[in-house]
Amino acid sequence: MKNIKRIFIFLFVCLSIFAVNVSCSNDDKIVPPTDSTDTSGSDGDTDSTNGQVEGSEGEITLYKVNGDDISKVQDYKVKDKDLEYQKDVAKHKEIWELVKKIVPADQRKKMGEFLIYNGEVTGSAGFVIEIKKDLSVWQMGIAINYAYEGGFNAGGELAYTIIHEFGHVLTLDNTQLDAAVTQENCKNYFPGEGCALENSYINELHAKYWNDIWSEYQDAKKDEAAQAQFYEKYKERYVTQYASTNPGEDIAEVFATFTTQKDKPEGKTIAEKKILLMYNRSELVAFRDHIRKNLALRGKGNALAFELPQPGMWKQANTFGNPHKTKCRRH
Ligand SMILES: [Zn+2]
């Protein structure tokens, strides 16, 4: 009997170990949720030999912004073409000079970091992300490979990207949203980063030109075919196809069109009415004047210091962004 008992105990112990192993291996298969709100370029693995961090989204060099200047925070661990980009600091500076021309000094205070990255990994030409939870300080990333595609700022694409990206900062920062208010307690439009203030640019845009088609838009977000149908139906509301992605992309596109389009529109379509909302805000008109003066945008026949693409002609204009990401790393 004693032996049988021992055998049972032995079997029980074996089965227990087996069971623990099975459950452990199952645990290993659970993919941890990816944190899309992860900030800046501090993600990635540290290389123990030289302390360099390998970025997961094409990061090349991170700078801190100090007024007019940028100072290097870190070079990411890169190789091949990205290493060439990393060594070509003159190009980083050239891009930064264009950012400075576009974003006036008082607005530039909102930019705490500037990242040079390779956009092939994420398929983006630029992005912005908040680096302070209260939305007062942001990082701007510019894809160096696209910045020099066909030559520096060819076709004005880079300038357009910078204007579009800063349009996000302008409409999502702490003067516009309250990051402390949750979606449940938000009475106005909630773009994801926080609750839009009553008189904010994005809340006005949403209340006037999105609210009436909001449930249709929610349905359209389910797949790209539905998105395309939605856009076809409401084309006259959007300055570009990309603008129909969500109100956040819409307002960045409206700002870029408002800035790059020479003449004030008459307001015949909703897309034009959206641009006129910006003409009603004196501080945005001043921003527009600053950009146009600094980039020496003139009518046809005059020499251009920096070219801009025709409104709506930028490369991503006829695409959709991801409407499901409310807190999107790449705008
Ligand atoms: Zn965007």
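Modeller: The general idea is that two strands count as paired if DSSP finds at least two bridges between them. Please keep in mind throughout that this is a predicted model. In this case strand S3, residues 59-66, pairs with S4 in the antiparallel sense over 6 bridges, and within that pairing Thr 61 has Asp 75 of S4 as its bridge partner.

Biologist: Which strands make up the open sheet, and in what order do they lie?

Modeller: The sheet is built from 5 strands in the order S4-S3-S5-S7-S6, with mixed pairing. Its edge strands are S4 (69-75) and S6 (126-130), each of which pairs on one side only. If direction is ignored, neighbouring strands of this sheet are turned by 25° against each other on average.

Biologist: How does strand S7 pair with S5, and how with S6?

Modeller: Strand S5, residues 111-117, runs parallel to S7, and 6 bridges connect the two; here Tyr 117 stands opposite Ala 143 of S7.

Biologist: Let us turn to helices. At what angle do the axes of H6 and H10 cross?

Modeller: The axes of helix H6 (residues 157-172) and helix H10 (residues 247-260) come within 8 Å and cross at roughly 125°. The crossing is therefore classed as oblique, and in handedness the crossing of H6 and H10 is right-handed. Among the residues that make the contact are Tyr 160, Ile 163 and His 164 of H6, together with Ile 251, Ala 252 and Phe 255 of H10.

Biologist: Why is Ile 275 classed as buried?

Modeller: Ile 275, which lies in helix H11 (residues 270-279), is buried because 20 other C-beta atoms are found within 10 Å. Apart from neighbours within four places in sequence, Ile 275 is in contact with Val 254, Thr 257, Phe 258 and Pro 265. The C-alpha atoms of Ile 275 and Ile 251 are separated by 9.1 Å, although these residues are 24 apart along the chain.

Biologist: What share of the contacts in the chain, counting those with a separation of 6 or more, links residues 24 or more positions apart?

Modeller: Such pairs account for 61% of those contacts. The chain in which they occur has 12 helices and 9 strands.

Biologist: Finally, where is the pLDDT below 50?

Modeller: Here one reads the predictor's confidence in each residue. The mean pLDDT of the chain is 83, and 76% of its residues reach 70 or more. The pLDDT is below 50 over residues 7-43, a stretch that has 17 contacts in the model beyond near neighbours in sequence. Residues 325-331 also have a pLDDT below 50, and that stretch has 20 contacts in the model beyond near neighbours in sequence.

Key. Residues are numbered from 1 along each chain as its sequence is written. This is a predicted model: local features need pLDDT of at least 70, side-chain atom pairs count only at pLDDT 80 or more; totals for chains, interfaces and linings use all residues. Helices (H or I, at least four residues) and strands (E, at least two) are DSSP runs, numbered from the N terminus. Two residues are in contact if their C-beta atoms, placed from the backbone, lie within 7 Å. pLDDT is the predictor's confidence in each residue, from 0 to 100. A residue is buried if 20 or more other C-beta atoms lie within 10 Å of its own, exposed if 12 or fewer, and partly exposed in between; C-beta atoms are placed from the backbone. Axes are lines fitted to C-alpha atoms, for helices over the stretch in contact, and angles run from 0 to 180 degrees between N-to-C directions. Angles under 35 degrees count as roughly parallel, over 145 as roughly antiparallel, 65 to 115 as roughly perpendicular and the rest as oblique. A crossing is left-handed if the near helix is turned anticlockwise from the far one by less than a right angle, and right-handed if clockwise.
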